[in-house]
Amino acid sequence: MTDPALRVDSLVVDRGGRRVLDGVSVRARGGDVVGLVGPNGAGKTTLLRACTGAVGTESGEVRLAGADAATLSARETARRVASVPQEPSLDFEFPVREAVAMGRTAHVSRFGRRGPEDHTAVDRAMERASVFDLADRSVTAISGGERARVLLARALAQDTPLLFLDEPTANLDVNHQVRTLSLVRELAADGRAVVASIHDLDLAARFCDSLVLLADGRVRAAGTPEAVLTPKALADAFCVDARVSRDPATDSLRVTVLGDRDSTGADGERAVERPSSGDDTVPAPRTDGRGTD
Amino acid sequence: MYVVRTGGWLVGLAALLAAVATVSAGVGPVAIPPREVLSVVLSALPGLSTDAPGAHQTIILRVRLPRVALAAVVGFALAAAGTVMQGFFRNPMADPSIVGVSSGAAVGAVAVIVTGVSLPFGLGLPAAAFAGALCAAFGVYVIASEGGRTPVATLLLAGVAVQTLLGAVVSFALVHAGRGIREAVFWLMGHRHGSTWGKVHLVAAVAVPLILLLLPFTRDLNALLLGEADAQSVGVDVERTRKLLLAVASVITAAAVAVAGVIGFVGLIVPHVMRLLVGPDHRILLPTSALAGAAFLVAADAVARAGAAELPVGIVTAAVGAPFFLYLLRNREVPTA
């Protein structure tokens with residue numbers, strides 16, 4: 001069996017004297033969309049950054065397409081994994097085409113010029129992320145949603161087997177959220193492994209093959225959305241009283257938060273178990289458990 | 001596309017530099033028309049001769065041209081270093097001396113002037129200034145580094161603090177300078193006295209190869225504008241690249257300042273103006289800024305010499321540069337990092 005695109009084993013990360021990740025293990029294979037979910041400060045962004053070497057690790061191992069990430073140069077890492085950051089920092093007046101072409105940095109020799117294959121990769125990435133029409137506009141003169149797509153195009157131009165997305169749907173309207181995640185599914189269908197941190201649990205359940213629920217730097221649950229998004233796990237990670245149902249339109253899971261766990265009852269456990277709507281087990285999926293439309 | 005655009009700008013700026021240099025070489029107590037300057041310069045080539053008076057030939061070749069050439073090479077160096085620093089700090093307000101290079105050079109130079117120490121060939125002053133500049137820059141870098149990382153904000157603040165401290169040292173030395181005070185003050189304002197071909201070669205030998213070395217790093221500078229995390233994620237070894245850029249830009253600045261004294265604003269305003277004209281892409285911004293810096297300083301030097309009493313060129317660059325900068329500030333939105 002070949003190595004998965006991403007293999008993280010027992011990763012421990014300390015930042016500012018605090019343990020931010022404590023023994024986290026994650027796998028992502030080509031074709032998979034893996035969603036990282038969890039409350040603010042759970043370590044989702046840190047996990048992505050530790051995997052690319054941007055954050056130092058205490059112990060554990062990260063393997064990118066079979067290679068130990070700790071031994072890879074910045075350039076070698078960038079040829080294995082592309083990251084779409086949460087906050088775009090596009091302050092300088094580069095044309096969109098040039099901003100996307102920066103994704104080719106790791107493919108172009110320092111002393112060489114970009115070749116035809118680089119231009120093809122840039123064009124294809126812009127087309128894929130629907131920013132081709134913006135190619136000659138300045139990145140400072142386009143909308144927030146367009147900037148998010150430009151960053152996605154830059155990551156695509158990197159042409160990597162592994163793609164990290166940090167909150168790809170934050171700051172996007174509902175239309176662009178669904179469009180972005182549908183594109184992410186297509187990218188996975190091409191054989192890439194995608195790991196995305198996603199706040200919106202419904203979107204995560206709908207577009208990801210598997211989820212990793214993080215809280216306080218530990219993995220609380222991992223597996224299919226059905227296995228991870230249980231009222232018990234949500235109560236444990238988010239301290240909320242939540243119900244999980246199936247959305248009739250998408251046939252994917254829908255999480256409804258009823259309230260803060262402490263405000264719904266003195267005893268948190270009891271609040272979760274309280275049988276208000278019959279059972280709180282998840283109904284069986286109709287097909288494969290995720291909507292791709 | 002970009003090759004054509006860069007080529008066009010470079011040819012244009014080179015022509016501008018040549019024109020400014022020709023006019024500048026004619027300016028001074030003895031006014032010489034540009035046509036005669038040109039004929040004298042061309043006569044230095046084999047097979048060509050000039051009918052210009054011998055005295056004019058001597059003035060141009062021995063006095064004016066070294067001075068014009070020194071202004072050109074110093075402006076070239078300061079503008080290139082300024083471009084790198086602004087990209088490095090992602091801040092259009094950064095200048096080549098931001099990590100203390102000029103202050104360090106000032107301490108070295110003033111110390112030599114005040115103590116009267118001398119080395120053969122008049123090398124004592126530039127050598128001390130060069131050493132002071134590098135010590136200051138390296139000191140700031142070491143102070144700002146922790147655990148192999150050098151946060152940009154810390155570097156900036158450490159630079160400001162060290163510059164203030166060294167400024168105090170210079171002021172203290174000036175108070176006790178005695179008869180050296182005039183020379184010291186002129187040095188601090190950017191003097192052009194005693195420009196010789198030797199000094200031109202000295203700066204050029206350091207600055208030109210280092211600027212050529214920077215050219216392959218212009219794509220990395222572009223990526224650094226994205227921010228450290230993004231630059232790293234597209235494959236730039238951020239810490240190593242930044243270390244190299246900072247060192248090279250500091251050495252270039254040190255060489256220019258050591259020979260020509262402290263000349264403000266060239267390294268700040270020229271890259272800034274060129275960024276408005278050609279955009280933020282360092283592949284075109286770096287070479288065009290360097291050439292524009294050369295033309296700007298040659299012109300400023302001509303203005304400094306044009307009056308009845310010669311001014312230190314630093315006064316001219318600041319007097320012209322600061323109002324222009326304020327004009328830009330009010331009329332164009334300055335991109336913030």
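At what angle do helix α1 (residues 2-25) of chain B and helix α2 (residues 34-43) of chain B pack? Keep that in mind while you set up your viewer.

This is a predicted model, in which local features need pLDDT of at least 70 and side-chain atom pairs count only at pLDDT 80 or more, while totals for chains, interfaces and linings use all residues. Residues are numbered from 1 along each chain as its sequence is written, and chains are lettered from A and ligands numbered from 1 in the order in which they are written.

**Stop 1: two helices in chain B**

Select residues 2-25 and 34-43 of chain B. These are α1(B) and α2(B), and they pack at an angle of about 105°, with their axes 8 Å apart. Helices here are DSSP runs of H or I with at least four residues, strands are runs of E with at least two, and both are numbered from the N terminus. The axes are lines fitted to C-alpha atoms, for helices over the stretch in contact, and angles run from 0 to 180 degrees between N-to-C directions.

α1(B) is therefore roughly perpendicular to α2(B). (Roughly perpendicular covers 65 to 115 degrees; under 35 is roughly parallel, over 145 roughly antiparallel, and the rest is oblique.)

Now show side chains: B:T22, B:V23 and B:A25 of α1(B) meet B:P34, B:V37 and B:L38 of α2(B). Being in contact means that the C-beta atoms of two residues, placed from the backbone, lie within 7 Å. Colour this contact by class and you get 5 nonpolar residues, 1 polar and no charged. (Ala, Val, Leu, Ile, Met, Phe, Trp, Tyr, Cys and Pro count as nonpolar, Asp, Glu, Lys and Arg as charged, and the others, Gly among them, as polar.)

**Stop 2: where the chains touch**

Show both chains. Their contact takes 22 residues from chain A and 21 residues from chain B. On the chain A side, α2 (74-78) and β6 (81-84) each supply at least two residues. α2(A) gives the most to that side, with 3 residues. By class, the chain A side has 10 nonpolar, 7 polar and 5 charged residues.

**Stop 3: the six-stranded sheet**

Stay in chain A and follow the open sheet of 6 strands in the order β6-β7-β8-β3-β9-β10, with mixed pairing. Two strands pair if DSSP finds at least two bridges between them. At the edges are β6 and β10 (218-223), each pairing on one side only. Neighbouring strands are turned by 15° against each other on average, direction ignored.

Next, pick residues 33-37 of chain A, which form β3(A). Is this strand mostly covered or mostly open? It is mostly covered: 5 of its 5 residues are buried. (Buried means that 20 or more other C-beta atoms lie within 10 Å of the residue's own, exposed means 12 or fewer, and partly exposed is in between, with C-beta atoms placed from the backbone.) In a regular strand the side chains alternate between the two faces of the sheet. In β3(A), A:V33, A:G35 and A:V37 are on one side and A:V34 and A:L36 on the other.

β3(A) runs parallel to β8 (residues 193-197), joined by 4 bridges, and A:V33 stands opposite A:V194 there. β3(A) also runs parallel to β9 (residues 210-215), again over 4 bridges, with A:G35 opposite A:L211.

**Stop 4: helices by the sheet**

Select α5 (residues 144-157) of chain A. α5(A) lies across β6 and β7 (162-166), running at about 175° to β6(A).

**Stop 5: the four-stranded sheet**

Last, find the open antiparallel sheet of 4 strands in chain A, in the order β2-β1-β4-β5. Its edge strands are β2 and β5 (67-68). Helix α1 (residues 44-51) of chain A packs on this sheet, touching β1, β2 and β4, and its direction makes about 115° with that of β1(A).

Zoom in on β1 (residues 6-15) of chain A. β1(A) pairs with β4 (residues 59-64) in the antiparallel sense over 5 bridges, and A:V8 stands opposite A:V62. β1(A) pairs with β2 (residues 18-28) over 8 bridges, also antiparallel. These two strands form a hairpin with 2 residues between them, and A:G16 in the turn has a positive phi of about 55°.
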